[in-house]
Amino acid sequence: MNYIELSQAIQSYAENTESLFVENIPTFVKEAERRIFNTVQLPSLRKNVTGTMTSGNKYVALPNDWLANYSLAVIDADGAYSYLLNKDVNFIREAYPTPTSTGQPKYYAIFGSRIDDINELSLIVGPTPNSAYGMELHYFYYPVSIVQSPIITLGAITEGSAYNNGTYYNVPLSGGSGSNASATITVTAGLVASVTIESGGSFYVVGDVLTTANTNIGGTGTGFSIPVANVANTTGTSWLGDNYDPVLFYGAMREAIIFMKGEADLVAYYEKMFSDALGQLKRLGDGLERGDAYRDGQTKLKVTT
């Protein structure tokens with residue numbers, strides 16, 4: 001199931017093609033995806049990256065899409081892997097209190113956001129590396145959503161003129177081949193100075209030129225525009241859509257019925273269907289993908305009479 005098929009199915013089952021409902025389908029889908037990925041850990045969706053520690057620096061930057069660790073290993077000059085133990089920051093500070101406490105790291109902890117960038121997380125290791133060790137990080141992340149072609153980044157701003165100064169939130173963007181993108185727009189000295197995507201919408205293409213009515217940013221001004229520089233998932237496919245779409249469909253339908261203020265029994269029905277589909281996905285992710293018939297034998301079910 002791709003995103004177009006999923007969106008059409010949601011509209012058909014909900015019997016709703018009203019514009020506000022359709023505009024929110026990407027939100028229904030993304031909320032369902034997050035619930036799924038926080039309920040079932042699928043080994044096939046792990047991500048790993050390799051890098052190099054800096055000698056004398058006990059901090060390690062994390063990837064921008066990092067959510068939680070599976071493991072962190074140090075790789076020595078011979079290529080041997082040594083897996084670090086996850087501890088609390090206080091443990092590492094107590095065990096290795098001085099900058100001269102160096103060696104091959106044995107422990108790590110989530111240190112938190114950097115002062116200069118709250119979105120950039122880091123780890124602290126102990127002891128402080130005494131060499132530029134290689135490292136390999138396995139981690140949990142949210143895979144790319146099935147939502148097709150949301151905007152990821154924008155290009156250079158055509159600033160326009162005579163706009164009212166201020167910062168404007170959740171500004172709808174118009175133009176291009178997609179829909180439902182919104183942004184935070186800052187106007188300085190009558191010019192559009194910055195545009196930050198809040199919602200990427202769907203079905204955009206690189207090169208689409210976007211703008212907004214001046215009524216959304218103070219009521220005066222003209223000439224502002226900005227191109228789409230990058231979009232995600234141009235095919236509208238995902239691992240869930242390709243491998244087990246019922247859990248995605250019923251999860252999105254649950255969100256859709258709640259949005260529509262549906263009857264309690266209808267909400268309960270889709271909650272049950274979603275829960276049943278989650279159970280089947282957990283059988284795959286927590287069971288079949290973590291063992292095989294050679295070690296565990298074939299799956300056995302209890303026989304009832």
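This is a predicted model: local features need pLDDT of at least 70, side-chain atom pairs count only at pLDDT 80 or more; totals for chains, interfaces and linings use all residues.
I take buried to mean under 20% relative accessible area, exposed over 50% and partly exposed in between, with a 1.4 Å probe and protein chains only. Residues are numbered from 1 along each chain as its sequence is written, and side-chain values use heavy atoms, with hydrogens and water left out.

**Entry on S145.** I looked up S145 and placed it in the loop between β10 (134-140) and β11 (151-154), where helices (H or I, at least four residues) and strands (E, at least two) are DSSP runs numbered from the N terminus. S145 counts as buried because its relative accessibility is 14%. With contact meaning heavy atoms within 4.5 Å, and with neighbours within four places in sequence left aside, S145 is in contact with K30, E33, N233 and T237. I also noted that a polar atom of the S145 side chain lies 3.1 Å from the backbone nitrogen of V147; a polar contact is a pair of N or O atoms within 3.5 Å, where within protein one must be able to donate a hydrogen and the other to accept it, and residues adjacent in sequence count only if both atoms are side-chain atoms.

**Entry on α1.** At its start, a side-chain oxygen of N2 reaches to within 3.2 Å of the backbone nitrogen of I4, and after the helix comes E15, with a positive phi near 50°. I listed Y3, L6, S7, A9, I10, Q11 and A14 as the buried residues of α1, and these pack against α2 (19-23), α3 (25-37), β15 (191-202) and α6 (245-259).

I repeated the check for α7, whose 24 residues should span 34 Å and whose end C-alpha atoms are 33 Å apart, in agreement. Its buried residues include F274, L278 and L281, and the buried residues of α7 pack against α1, α3, α5 (239-243) and α6. A nonpolar core is a set of buried Ala, Val, Leu, Ile, Met, Phe, Trp, Tyr and Cys residues joined through side-chain atoms within 4.5 Å; in the largest one, of 33 residues, I10, V29, I36, V247 and L281 touch the most other members. I found that α1, α3, α6 and α7 (264-287) each supply at least two residues of this core, and that α6 gives the most, with 8 residues.

**Entry on the sheets.** I counted two strands as paired if DSSP finds at least two bridges between them. β1 and β10 pair over 6 bridges in the antiparallel sense, and T52 has G134 of β10 as its bridge partner. An open sheet of 3 strands has the order β13-β14-β15, also with antiparallel pairing, and its edge strands are β13 (166-172) and β15. β13 pairs with β14 (residues 179-188) over 5 antiparallel bridges, and I noted V187 of β14 as the bridge partner of G166.

Conventions: The expected span of a helix is 1.5 Å times one less than its number of residues.
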